[in-house]
Amino acid sequence: MQNTRLNNLLDTITRSLSQWFLNPWRRLSLILISFLFGFFLGSAVSTTAGQKSELDIVVAAFLVVFTEIFSKLFYSRSWLARAALWVETLNYLKVGFIYSLFLEALKLGS
């Protein structure tokens, strides 16, 4: 890419954010926020999709494809690539999402 001011600005922002998240507590807090956001998304999707009961099969298929793509992305990489922050954050978002769906299924089954 050309060396423009916008490109320099984006490189500087990316570099400073990556250095900021090198702190283990900040990294852990971002992962925890990602897990809780995934839990919220799973809860919201299950309640809104089940409200009208018109597109349940389509939504379920989309959710399975969503989780399988993220699992393929996370588990097909080497250990060093899995340690990348954005990949780890997406994985914990997926884990929170699946945990929320299991919890909703247990609430409906009892």
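## Glycine 42 in helix α2

Glycine 42 has its place in helix α2, where a helix is a DSSP run of H or I with at least four residues, numbered from the N terminus. With a relative accessible area of 0%, glycine 42 is buried; the word means under 20% relative accessible area, while exposed means over 50% and partly exposed lies in between (1.4 Å probe, protein chains only). The model is predicted: local features need pLDDT of at least 70, side-chain atom pairs count only at pLDDT 80 or more, and totals for chains, interfaces and linings use all residues. Residues are numbered from 1 along each chain as its sequence is written, and side-chain values use heavy atoms, with hydrogens and water left out.

Which residues are in contact with glycine 42, leaving aside its neighbours within four places in sequence? They are Phe97, Ser100 and Leu101, contact being defined as heavy atoms within 4.5 Å. The C-alpha atoms of glycine 42 and glycine 96 are separated by 7.6 Å, although these two residues stand 54 residues apart along the chain.

## The chain as a whole

The protein chain has 5 helices and 0 strands, a strand being a DSSP run of E with at least two residues. Read from the N terminus on, the order of the elements is α-α-α-α-α. The C-alpha trace spans about 55 × 30 × 25 Å along its principal axes. The radius of gyration of the chain is 18 Å, whereas a compact globule of 110 residues would have one near 13 Å; this radius is taken over C-alpha atoms, and the globule rule is 2.2 Å times the number of residues to the power 0.38.

Of the 110 residues in the chain, 20% are buried. The accessible surface comes to about 8400 Å², and 70% of it belongs to carbon and sulfur atoms; such areas come from the Shrake-Rupley method with a 1.4 Å probe, and for residues only the protein chains shown count as cover. Among contacts between residues at least 6 apart in sequence, 64% join residues at least 24 apart.

Serine 100 lies in helix α5 and counts as buried because its relative accessibility is 1%. Beyond residues up to four places away in sequence, serine 100 touches Phe39, Gly42 and Ser43. Serine 34 belongs to helix α2, which covers residues 24–52.

Not counting residues up to four places away in sequence, tyrosine 92 touches Ile31, Ser34 and Phe35.

Leucine 85 lies in helix α5, which covers residues 85–109. Leucine 85 is buried, since its relative accessible area is 19%. Its contacts, leaving aside neighbours within four places in sequence, are Phe21, Arg27 and Leu30. Leucine 85 and leucine 22 are 63 residues apart in sequence, yet 9.4 Å apart in space, C-alpha to C-alpha.

## The largest pocket

The largest pocket has a volume of about 270 Å³. On a 1 Å grid over the protein atoms alone, a pocket is an open set of points with protein on both sides within 12 Å along at least five of seven lines, for a 1.4 Å probe, and lining residues have an atom within 4 Å of a point. Grid points are joined across faces, edges and corners, and the volume is the space filled by probe spheres set on the points.

The lining consists of 13 residues, and those nearest the centre of the pocket are Ser46, Val59, Ala60, Leu63 and Leu101. Helices α2, α3 (56–75) and α5 are the elements that give two or more residues to this lining. The largest share, 6 residues, comes from α3. By class, the lining has 9 nonpolar, 3 polar and 1 charged residues; Ala, Val, Leu, Ile, Met, Phe, Trp, Tyr, Cys and Pro count as nonpolar, Asp, Glu, Lys and Arg as charged, and the others, Gly among them, as polar.
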